[in-house]
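Subject: Structure for your files

Hello,

Here is the structure I said I would pass on, followed by notes on what I found in it.

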Amino acid sequence: MARVHSHTMTRSSSFAGPAGRPARTAGFTLIELMIVVAIIGILASIAYPAYTEQVKRGKRSDASTVMMEAAQVMQRYYNVNTSFGDDDAANEALAAAGVDQSPKGATSADYTISIDVGDTGRTYDLTATPAQTDSKCGNLTLTHTGQKGSSAGDVAECWK
């Protein structure tokens, strides 16, 4: 009788790879996953600070726009009253016009806009104070003559 060769494998040998080691199945090893996590961590450590700086820059830009509007409000106030008034009256005028915070009309302000009127009622200084510390620019200022300033950092950079 001819000998029949059986080509069937036993259950345990169907998973066996070379030299009796288990064959590799589809999926990722722990090392591969850790490499991906490390790469994501490196990218995040670069991207997050850039993102937060861009957000701060956008908030500063909005505050500078609101301050320019506040200066227009104060010029109209001066035309009607022939004076910028005192601090209280000027701050009330800013609040009535909705330019006492940035962003305008928001429930929480990123910047608070305040005014300091000179003793004669003929000058003023607007100040935008950030709700959260901005070490790059600090407070933004604008005088009645249109001179821009910041308590820290380059004025041109802060008023972009």
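Met 67 is in contact (heavy atoms within 4.5 Å) with Ile 113, Leu 126, Thr 127, Ala 128, Leu 140, Thr 141, Leu 142 and Trp 159, leaving aside neighbours within four places in sequence. The model is predicted, so local features need pLDDT of at least 70 and side-chain atom pairs count only at pLDDT 80 or more, while totals for chains, interfaces and linings use all residues. Residues are numbered from 1 along each chain as its sequence is written, and side-chain values use heavy atoms, with hydrogens and water left out.

Met 67 is also among the residues with the most contacts inside the largest nonpolar core, which has 23 residues. Such a core is a set of Ala, Val, Leu, Ile, Met, Phe, Trp, Tyr and Cys residues that are buried and joined through side-chain atoms within 4.5 Å; buried means under 20% relative accessible area with a 1.4 Å probe, protein chains only. Helix H1 gives the largest share of this core, seven residues. Helices here are DSSP runs of H or I, at least four residues, numbered from the N terminus.

The axes of H1 and H2 (lines fitted to C-alpha atoms over the stretch in contact, with angles from 0 to 180 degrees between N-to-C directions) come within 10 Å and cross at roughly 120°. In H1, Ala 70, Val 73, Met 74 and Tyr 77 meet Ala 89, Ala 90, Ala 93, Leu 94 and Ala 97 of H2.

Ser 83 sits in the loop between H1 (30–81) and H2 (87–97). Ser 83 is buried, at a relative accessible area of 18%.

Regards

Terms used:
Helix = DSSP H or I, 4+ residues; strand = E, 2+ residues; numbered from the N terminus. Buried < 20%, exposed > 50% of the residue type's maximum accessible area, 1.4 Å probe, protein only.
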